[in-house]
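The entries follow in the order I made them.

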Amino acid sequence: MLHDEREYPVTSIFNSFAYRFGEIFRKRYVKVDNSKTTFVPIAKMILRKNMTEEDKLYVNNINGSTDEFIMLGYDRFVKVNLLRRSYSCRKYDLVKLSCAHAMEALRLKYGDKYDTSIYNYSSQIYSKESYLLDYLELICAAPLE
């Protein structure tokens, strides 16, 4: 990537890195800014995958509440509490996106229109606005002097 720059001073090499990464970030910024989705593309892809996995789960409502469920699927039991955003599979704790268990619980709670509530049960760090704010600042690796 920087074959020609290897003989340059270190600060110039760092600035070349910053310039090239800046180009990549600007392209991503424009792509996300022009999209019509609520979340960034990778988060949307993960959520879509989780929506297809939910069909393989057996669900039992714990106490008649619309917020607490026990699910069986993929050879394990998972407790879901939508009110506390607590899922015993711990996938939400890792990536902060609704897992397949949460998707199924949301489908039972909201019916066929549950896809609009998915974003409320996922972290806003994946929102389009948050992503765009993160990539607004320019990268300056080293001062020129």
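I looked up Phe-69 first: Val-80 in strand 3 stands opposite. I took strands as DSSP E runs of at least two residues and helices as H or I runs of at least four, numbered from the N terminus. The model is predicted, so I note the limits: local features need pLDDT of at least 70, side-chain atom pairs count only at pLDDT 80 or more, and totals for chains, interfaces and linings use all residues. Numbering runs from 1 along each chain as its sequence is written, and side-chain values use heavy atoms, with hydrogens and water left out.

**Strands.** I checked pairing, which needs at least two DSSP bridges between two strands. Strand 2 and strand 3 (residues 76-81) run antiparallel, joined by six bridges. Their hairpin has two residues between the strands, and Tyr-74 in the turn shows a positive phi of about 55°.

I then asked which residues of strand 2 (residues 68-73) are on the covered face. They are Phe-69, Met-71 and Gly-73; Glu-68, Ile-70 and Leu-72 are on the uncovered one. In a regular strand, side chains alternate between the two faces of the sheet.

I listed contacts of Val-80, meaning heavy atoms within 4.5 Å. Beyond four places in sequence, they include Phe-69, Met-71, Tyr-87, His-101 and Ala-105.

**Asn-50.** This residue is in helix 2 (residues 41-53). Is Asn-50 buried or exposed? Asn-50 is buried, because its relative accessible area is 10% (buried is under 20%, exposed over 50%, partly exposed in between, with a 1.4 Å probe and protein chains only). With residues up to four places away in sequence left out, Asn-50 touches Ser-98, Cys-99, Ala-100 and Met-103.

**Surface.** Ile-24 is in helix 1 (residues 10-34). I noted Ile-24 as partly exposed, because its relative accessible area is 38%.
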